Amino acid sequence: RMSAKTLNRRFFLLQAIMMLMDCITVAYISPILVSLGYSNLLIGQVMTLGTLAATLARPLWGYLNDRFSCARQVTLGGTAAGAACYFLLTWGGGQVWITALAVMGLYVTVVCMMNFIDSWALRLINSGLPLNYGATRAGGSLSYAFGAVIFGMVVSRWGFRPGNAVLWVLWGLMCVVALSLPNPPAPDRPARTVTLGRGIGTLRHNRVYCVMLAALFLSTLASGSMESFYSVLILSSGGTEQHVGIALFLQAISELPVMFGYTRIRSKTHLSAAALISVSMLCYALKALVLGGASSLGVVMAAGLFQALSFALFTPACVDFMLETVPGEYLATGHLLFLAIGQGAGAVAGNALSGFLAEYLGMGWMFRTVGVLALLASGLALCCAKMLNRRKGLS
């Protein structure tokens with residue numbers, strides 16, 4: 001049994017490598033499609049297909065982890081397939097059907113594997129291992145911030161294809177790290193009784209889980225809209241692509257103090273995971289409302305610092321919420337289903353809603369509208385916290 005220090009150091013490296021792979025592949029899909037000459041409409045359609053594919057795949061990945069406890073094998077197989085899909089995207093000649101398959105493949109593999117590694121952490125924590133999820137997840141934020149800057153310089157000079165070689169080097173490093181980590185323990189009950197249908201049925205009757213799922217869906221309407229239009233707002237406010245890069249770097253760096261200090265935040269505030277999720281959704285709302293009323297480039301870029309108390313607080317709090325509300329034998333299924341519907345379907349709906357609002361009302365009113373939806377989400381999450389408190393009081 002490895003020490004807590006060794007376990008957390010290796011999981012930190014695993015998260016860092018995974019986010020670097022995401023930065024090279026998924027973060028650059030839109031620029032790759034632009035370089036292929038795709039129209040905005042076609043880019044939107046291809047990205048929507050990718051999001052839908054990930055939404056359908058996430059619960060299946062979670063079920064595999066719950067039933068077979070095969071986190072190492074799935075992570076390595078999924079990321080290898082993702083590297084192959086990136087090759088198809090960059091060397092496929094730009095044919096629409098090949099490009100669409102490659103993008104869908106990247107979403108099913110690389111995007112889903114980021115969430116899958118979170119579910120791996122969930123099950124290790126539930127088994128009693130001393131894993132500090134917030135601190136290890138900070139490895140991903142740190143590597144993403146610097147990876148975006150460095151790979152951006154590579155792309156500007158040599159294009160996207162050098163990313164293929166980098167991905168396979170990263171995959172080799174991931175093999176070394178992942179194989180040194182333990183798989184989750186086998187489920188307590190016989191594997192044949194752990195089924196996807198039973199898992200979904202169990203979660204469907206979990207009232208707190210379902211209310212928080214609705215809150216996440218509403219919150220994603222706001223967060224997804226901001227992801228899609230934040231760069232556009234920077235450019236329309238007089239900024240350049242360099243300002244966009246700086247803003248994204250600052251967002252990623254701002255996550256680090258909260259990720260590293262999450263455990264201390266919980267112990268000092270004595271707030272439940274549901275209450276912290278409510279705070280994170282409130283910060284998404286504030287960010288959207290500030291962007292909706294921003295009158296200068298400086299305000300737009302400063303608003304990105306809300307990332308520290310929105311995404312950086314939500315991510316580890318979501319892991320704790322699963323541990324507190326979902327049965328142990330369905331932790332991975334519950335977590336990935338939660339993200340599939342709340343974030344996956346929410347992102348699809350959010351992109352459609354924000355595009356419509358931005359087109360007919362302008363970006364200012366679009367941000368204000370989704371900000372109000374995030375406020376409602378924060379209220380629902382607070383209701384979950386109160387329901388859990390009442391449940392503890394009765395027990």
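**Ground rules.** I number residues from 1 along each chain as its sequence is written, and my side-chain values use heavy atoms, with hydrogens and water left out. The model is predicted, so I asked for pLDDT of at least 70 for local features and 80 or more for side-chain atom pairs, while totals for chains, interfaces and linings use all residues.

**Entry 1: the cavity.** I looked for cavities (sets of points on a 1 Å grid over the protein atoms alone where a 1.4 Å probe fits but cannot get out). I found 1 cavity of 30 Å³ or more. Which residues line the largest cavity? With lining meaning an atom within 4 Å of a point, I noted Tyr144, Ala145, Ala148, Val149, Gly245, Leu248, Phe249 and Ala252. Helices α6 (133-158) and α10 (241-269) each give at least two of the lining residues; helices here are DSSP runs of H or I, at least four residues, numbered from the N terminus.

**Entry 2: Val258.** Next I stayed in helix α10, where Val258 sits. Is Val258 buried or exposed? Val258 has a relative accessible area of 8%, so I wrote down "buried" (under 20%; exposed is over 50% and partly exposed in between, with a 1.4 Å probe and protein chains only). Beyond its neighbours within four places in sequence, Val258 is in contact with Ile265, Ala308, Leu309, Ala312 and Leu313 (contact is heavy atoms within 4.5 Å).

**Entry 3: His335.** I then moved to helix α14 (residues 331-360), which holds His335. His335 is buried too, at 2% relative accessible area. Not counting residues up to four places away in sequence, His335 touches Asn115, Asp118, Ser119, Leu122, Cys318 and Met322.

**Entry 4: salt bridges.** How many salt bridges are in the whole structure? I got 2, taking a side-chain nitrogen of Lys or Arg within 4 Å of a carboxyl oxygen of Asp or Glu. Arg266 and Asp320 meet in a salt bridge at 2.9 Å, N to O. This pair links distant parts of the chain, 54 residues apart, with Arg266 in helix α10 and Asp320 in helix α13 (residues 311-325). Arg266 also forms a salt bridge with Glu324, with the closest N and O atoms 3.1 Å apart. Arg266 is in helix α10 and Glu324 in helix α13, so this pair ties together parts 58 residues apart in sequence. Salt bridges that share partners join Arg266, Asp320 and Glu324 into one network.

Conventions. 1 Å grid on protein atoms, 1.4 Å probe; cavity = no way out; pocket = protein on both sides within 12 Å on 5 of 7 lines; lining within 4 Å. Points joined across faces, edges and corners; volume = space filled by probe spheres on them.
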